[in-house]
Amino acid sequence: MAATIKFWRRASQPLVGRMVIAKAWVLKKHFDGLPKTTDFDLKTIELPNLKDGVCKILWKKMENKIPYKSRFSVEFFMLIGKILRIVAGESRVTALRMNLQLKDLGAGISEVFYFKKPYSQRDMKEGDVMIGTQVARIVESKNPAFTVGTFVVGNKGWRTHFISDGKDLHHLPSSWPESLPRSLALGTVGMPGLTAYFGLLEVCKMKPGETVLVNAAAGAVGSVVGQLAKIGGCKVVGCAGSDDKVAYLKKIGFDEVFNYKTVKSLDEALRKASPDGYDCFFDNVGGEFASVAINQMKKYGRIAICGAISQYNDSVPQKGPYVQFPMIFKELRMEGFLVSRWSDRRKEGLQALLKWVMEGKVKYHEHVTEGFENMPMAFIGMLKGENLGKAIVKV
């Protein structure tokens with residue numbers, strides 16, 4: 001649920017002093033299970049004139065403008081529980097409340113029931129603008145640090161225009177080539193890419209020759225995880241939810257890939273892909289997949305907990321086995337993380353990712369939906385797994 005927008009305007013049509021009416025998608029009703037289009041409402045907001053030190057950033061296509069490509073990317077964070085997902089380098093997450101209902105299963109193992117509260121219910125109220133991140137071009141400014149024409153990354157939600165004092169904006173890397181879509185600043189060379197970069201290097205601590213497992217591998221984070229692991233000299237096993245996604249992952253260099261929706265046994269599919277087990281597991285899914293995969297970790301394996309896609313839309317909590325036995329006897333290390341932990345290294349990560357993209361070592365794919373009016377449908381489609389790569393709305 002983020003936005004990537006580009007604006008071009010003719011100098012003969014200054015925006016100074018012009019009243020601007022923004023459109024914005026707001027949360028009409030808190031989600032109950034999978035979001036519905038009726039949970040959103042499209043509103044208009046009148047923006048004030050600029051004051052010193054602020055700049056105006058517009059998404060909306062205005063009359064007689066030079067054509068442009070405007071894009072909003074779509075994220076999971078509205079539905080997240082625990083510290084399992086990150087949005088644009090910021091902590092947009094919900095604490096997980098655990099209610100343990102112990103039931104003897106004959107082997108000293110009990111069941112765990114996870115109760116989570118969506119971010120939208122914890123930190124948002126009905127009527128608030130939907131949260132999101134954008135890449136946009138500044139079209140009017142009274143802030144010398146952000147001149148007209150500058151491209152920035154902001155976090156201002158599902159809206160066509162906004163005003164900022166610059167404190168919440170990031171410039172795109174100065175080395176960004178004109179030939180590269182700036183929308184990648186919300187994907188491969190943005191928060192998802194940084195999540196993959198630091199998750200692998202600092203949490204998984206991958207080493208050359210190891211085997212890395214990543215689920216939701218065709219997503220914005222997972223696809224970068226696999227490619228960075230290959231750059232690091234690892235064998236990579238991925239899973240995805242369609243044959244087209246499997247084919248794409250093989251094309252970009254994954255060693256083994258399978259469609260988790262069509263395999264007869266997830267356990268057998270994982271063993272076939274890597275009979276010796278896994279050194280690193282980058283988990284975007286949680287649920288049943290994580291419960292099966294943890295038993296196939298090698299001794300001293302590392303698990304990076306990034307997301308829990310399988311649980312985001314649950315109205316009834318899932319239940320799963322405790323992880324203590326494999327954690328103890330295989331001496332595993334499992335760690336949840338937020339990419340904001342490495343905010344002081346943001347520049348390092350972006351420069352590395354941009355370099356690999358420009359060299360062709362990291363490839364990307366964007367799933368594009370047309371029209372600002374289709375933001376809710378794009379968000380819902382992403383949650384259903386309809387996207388290959390980063391989900392983007394083009395305005």
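Biologist: Why is Asp279 called buried?

Modeller: This is a predicted model, and here the relative accessible area of Asp279 is 12%. Buried means under 20%, so Asp279 is buried.

Biologist: What makes Asp279 and Lys298 a salt bridge?

Modeller: Their closest N and O atoms are 3.3 Å apart. The cut-off is 4 Å, so the pair counts as a salt bridge. Asp279 lies in strand β15 (residues 278-283) and Lys298 in strand β16 (residues 297-305), so the bridge ties together parts 19 residues apart in sequence.

Biologist: Is Lys298 buried or partly exposed?

Modeller: Partly exposed, with a relative accessible area of 25%. Buried would need a value under 20%, and exposed one over 50%.

Biologist: What makes Glu331 and Lys299 a salt bridge?

Modeller: The closest N and O atoms of Glu331 and Lys299 are 3.1 Å apart, and the rule asks for within 4 Å. This pair links distant parts of the chain: Glu331 is in the loop between α7 and β18 (333-336), Lys299 is in strand β16, and 32 residues separate them. Both ends are partly exposed, Glu331 at 41% and Lys299 at 42%.

Biologist: How do you know that Arg271 and Asp267 are about one turn of a helix apart?

Modeller: Both lie in helix α5 (residues 266-273), 4 residues apart. Arg271 is partly exposed at 42%, and Asp267 is partly exposed at 27%.

Biologist: How many salt bridges does the rule give?

Modeller: The count is 15. Glu202, Arg345 and Glu348 are linked in a network of them.

Biologist: Why is Phe329 called exposed?

Modeller: Its relative accessible area is 61%. Exposed means over 50%, so the label holds for Phe329. Phe329 is in helix α7 (residues 324-329). With Phe325 and Ile328, Phe329 makes a nonpolar surface patch of about 350 Å².

Biologist: What makes helix α9 mostly covered?

Modeller: In α9 (residues 375-383), 8 of the 9 residues are buried, including Phe379, Ile380 and Leu383. Just after α9, Gly385 takes a positive phi of about 80°.

Notes. Residues are numbered from 1 along each chain as its sequence is written. This is a predicted model: local features need pLDDT of at least 70, side-chain atom pairs count only at pLDDT 80 or more; totals for chains, interfaces and linings use all residues. Side-chain values use heavy atoms; hydrogens and water are left out. Buried means under 20% relative accessible area, exposed over 50%, partly exposed in between (1.4 Å probe, protein chains only). Helices (H or I, at least four residues) and strands (E, at least two) are DSSP runs, numbered from the N terminus. Patches are made of residues with over 30% relative accessible area and no salt bridge: like charges are joined within 9 Å, nonpolar side chains (Val, Leu, Ile, Met, Phe, Trp, Tyr) within 5 Å. Accessible areas come from the Shrake-Rupley method with a 1.4 Å probe; for residues, only the protein chains shown count as cover. A salt bridge is a side-chain nitrogen of Lys or Arg within 4 Å of a carboxyl oxygen of Asp or Glu.
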